[in-house]
There are 2 protein chains.
Amino acid sequence: MRAADLPQVRSLKLFESMTDQNFEALMEAAYLQTFPAQLELIREGDPADFLYVVIEGCVELFARANNRESTLGMVHPVGTFILAAVLKDAVYLMSARTSKRSKVLLLPSDRVRDIFYKDDSFSRSIVVELASCYRSVVKEHKDLKLRTAVERLANRLLRYHVDQGETGSLKLPHDKRTLASLLGMTPENLSRAFGTLKGYGVVVNGGSVKLNDRPALETLAKPNALIDDRTT
Amino acid sequence: MRAADLPQVRSLKLFESMTDQNFEALMEAAYLQTFPAQLELIREGDPADFLYVVIEGCVELFARANNRESTLGMVHPVGTFILAAVLKDAVYLMSARTSKRSKVLLLPSDRVRDIFYKDDSFSRSIVVELASCYRSVVKEHKDLKLRTAVERLANRLLRYHVDQGETGSLKLPHDKRTLASLLGMTPENLSRAFGTLKGYGVVVNGGSVKLNDRPALETLAKPNALIDDRTT
DNA sequence: CTGACAGCTTGATCTGAATCAAGAAATGGC
DNA sequence: GCCATTTCTTGATTCAGATCAAGCTGTCAG
């Protein structure tokens, strides 16, 4: 990878406190690449050759089985994916594709494991990242098992709203097809769910959403820190 | 805790390669306790004061929201639970109760974090354990999103069958109520799902299940290593 | 043995969500 | 700008699974 890209990568939380020597050893074998939209980066079942870090753009994690496909998560800058597979030297459980043009850092997994065991600071960052990813999936799982489709959508809108600065309106960060799959429903059903939310002050216009009656929406959504909070 | 219990704990994979000194420091503040069935050990939302290790018995992990309750997992010996909350010093995302009389090891979480940072061998074991838990939840999530209720039950039966030595019959390890919740369905629907599986050679008698037509059951279940395999 | 109770099953019905089938609206290429 | 393609919405219908309501079965205390 090019030397000009190094400072940008070095400043990521994952790498900032590791030693220069180990950082160089890690980057020596790394690739920083820009991929077009809709490119399949990894396929579930393949051995975990690289750890991926999304630097710019957005990557969709998904899985297939029984002729069905489901979106399991969206990774935004700066986030990693398939960390557990790399640490365990196992196969990927999820596939990944870019959802828009994206800059992605690829770190060879044997190198990551080497330095994980050498560099205490790096291993701590990794563990925090891994624990966070773990808790995110648990929250997703609770969301799916304990809520109806409309409740999931309502809470998701409230989350995006907070992410985007609580201005009373928000932009959907993904197309509705993807959002539907992420929320565990069909696109048709997402449309209808938006219809239901009209009664709670939710006005949709393409990818723009206005929340005109937050109290009503929250009464419906019943947001729960143990499912919706991104930080803990 | 009593000195007599130490060797048993020391031999657990999580602790076997750490230094004596660190092991003693960890155990000094630990409790090894036996709890009766149906005792709530932790409640979601509480701060993670202890890391739990199930030594004997069985512990159910579950969560509540919106007047609904769902079983998220069952922990058998020797398994840990709420490791991520302990490492992140955050609140528990799940509640836990004993499903039968159980012997459980409680490790104060500040002590676990201290020694995690001091003892390389321990931290590696922890990371492997954490990565494994993470991958398990991802698999659960895929199971729920990509399969119907009958498919989930069929695959679960095949899993128990393998766990118990592929003798052609198996014992359900939990009562049907719990199994239903674990599989994301109601007890009534579990009954009906067993009814459907009769056509595939599945004969149920209380907690005993016979699989009389494995090929048919597998055709229905379409087991998938990336969802069902426990080891990778 | 008997009654009470929990756990499970079965049947009837209802409901949330998927599917099927058109349209409508946005998007992109030329 | 205009057509072609994709994305989204809307309506009709079907289906899986939840809920409601009895009934059944095994267990256990007395």
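Reply: Happy to! Let's start inside chain A, where A:Leu51 has A:Leu107 of strand S8 as its bridge partner. Please keep in mind that this is a predicted model. The pairing that holds these two residues joins S3(A) with S8(A), residues 102-108, in the antiparallel sense, and it runs over six bridges. S3(A) also pairs with S6(A), again in the antiparallel sense, over three bridges. How enclosed is strand S3 of chain A, residues 50-56? Five of its seven residues are buried, so S3(A) is largely enclosed by the rest of the structure.

The bond to look at here is the one joining A:Pro77 and A:Val78, a cis peptide bond with omega of about -10 degrees. Chain B has a cis peptide bond too, from B:Pro77 to B:Val78, with omega near -10 degrees. B:Val78 is found in the loop between S5 and strand S6 (79-81) of chain B.

While you are in chain B, have a look at two backbone angles. B:Ile82, in the loop between S6 and H3 of chain B, has a positive phi of about 55 degrees although it is not a glycine. B:Asn66, in the loop between S4 and S5 of chain B, is not a glycine either, and its phi is positive at about 55 degrees.

S5 of chain B leads us on to the contact between the chains. That contact takes 39 residues from chain A and 39 residues from chain B. On the chain B side, two or more residues come from each of strand S4 (59-65), strand S5 (68-75), helix H3 (83-88), helix H5 (120-146) and helix H10 (225-228). H5(B) gives the largest share of that side, 17 residues. By class, the side of chain B that touches chain A divides into 21 nonpolar, eight polar and ten charged residues.

Now for a pair of helices in chain A. H6(A) and H8(A) pack at an angle of about 70 degrees, with their axes 10 Å apart, and are therefore roughly perpendicular to each other. H6(A) brings A:Ala149, A:Val150, A:Leu153 and A:Ala154 to this contact, and H8(A) brings A:Asn189, A:Leu190, A:Ala193, A:Thr196 and A:Leu197. The contact has seven nonpolar, two polar and no charged residues.

Those two helices also take us to the DNA. Helix H6 (149-163) and helix H8 (187-198) of chain A, together with helix H7 (176-182) and helix H8 (187-198) of chain B, each supply at least two residues of the surface near DNA strand C. H8(B) gives the largest share, six residues. The surface near DNA strand C has six nonpolar, six polar and six charged residues.

Conventions: Residues are numbered from 1 along each chain as its sequence is written. Chains are lettered from A and ligands numbered from 1 in the order in which they are written. This is a predicted model: local features need pLDDT of at least 70, side-chain atom pairs count only at pLDDT 80 or more; totals for chains, interfaces and linings use all residues. Helices (H or I, at least four residues) and strands (E, at least two) are DSSP runs, numbered from the N terminus. Ala, Val, Leu, Ile, Met, Phe, Trp, Tyr, Cys and Pro count as nonpolar, Asp, Glu, Lys and Arg as charged, and the others, Gly among them, as polar. Two residues are in contact if their C-beta atoms, placed from the backbone, lie within 7 Å. Axes are lines fitted to C-alpha atoms, for helices over the stretch in contact, and angles run from 0 to 180 degrees between N-to-C directions. Angles under 35 degrees count as roughly parallel, over 145 as roughly antiparallel, 65 to 115 as roughly perpendicular and the rest as oblique. A residue is buried if 20 or more other C-beta atoms lie within 10 Å of its own, exposed if 12 or fewer, and partly exposed in between; C-beta atoms are placed from the backbone. Two strands pair if DSSP finds at least two bridges between them.
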